[in-house]
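Welcome! Please have a look at the model below, and then we can walk through a few of its features together.

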Amino acid sequence: MKCSTTLPVHVFTRPAGEKDGFWQPFDEGPGYFEIDPALEVMLYLPRAEDETVEILCNEWREVPLLYQIDVSEGRRVTDEGLRFLSRFSQLRALNMSACSISNIGLEHLTDMPALIWLDLSHCTGVSDKGLRRLETMRQLTYVNLRGLPRVTQAGLKRLAKNKSLQIRR
């Protein structure tokens, strides 16, 4: 599979289906890549912001085994950036740690039916109200909610009703 990017993205791969397999560095952008179709792909976009997330989504939309996207520490990634990311309905893991998303942005997660792993740690705009969106995502098996001062024990208790969901708090 051939793809290219104009962004300083870090590309990692692992054999498809190896959920416990370690991600191996593959290459860095900007540039052109030829990725074996038997590999799952993880992308890390440092210093992400809404504009670069939109570009990433446009450039990588044809990659069928895109498993995970990491835009952590992207303090300029807002609800709009999450809306762009929701175009990846096949995405299994999303790291949005320390991004500037809010409860409103979490609505876009429902457009990601394959998502099983989610890191929202230090997304201080998220509260119990936003967690209600996660309650409907029965496929989630892991969520990181550390550093969310507006999330209460009551909100966590409601979310914990999903017994297959591991909550890191």
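Is Cys57 buried or exposed? Cys57 is buried, with a relative accessible area of 2%; buried means under 20% relative accessible area, exposed over 50%, and partly exposed in between, using a 1.4 Å probe and protein chains only.

## About the model

This is a predicted model, in which local features need pLDDT of at least 70 and side-chain atom pairs count only at pLDDT 80 or more, while totals for chains, interfaces and linings use all residues. Residues are numbered from 1 along each chain as its sequence is written, and side-chain values use heavy atoms, leaving out hydrogens and water.

## Helix H1

Helix H1 spans residues 50-60, and its buried residues are Asp50, Thr52, Val53, Leu56, Cys57 and Trp60. These residues lie on the same side of H1 because they cover an arc of only 165° around the axis, taken from the directions from the helix axis to the C-beta atoms. Helices (H or I, at least four residues) and strands (E, at least two) are DSSP runs, numbered from the N terminus.

The partners of this buried set include strand E2 (10-15), strand E5 (39-44) and helix H2 (79-85), with contact meaning heavy atoms within 4.5 Å.

## Cysteines

The disulfide count comes to 0, a disulfide being a pair of cysteine sulfur atoms within 2.5 Å. For Cys57, the nearest cysteine sulfur is that of Cys99, 12 Å away. The sulfur of Cys3 is 14 Å from its closest cysteine sulfur, in Cys57, which is too far for a bond. Cys3 is buried too, with a relative accessible area of 9%.

## Gln68

Gln68 sits in strand E6 and is buried, at a relative accessible area of 11%. Beyond its neighbours within four places in sequence, Gln68 contacts several residues, among them Trp23, Leu43, Leu91 and Trp117.
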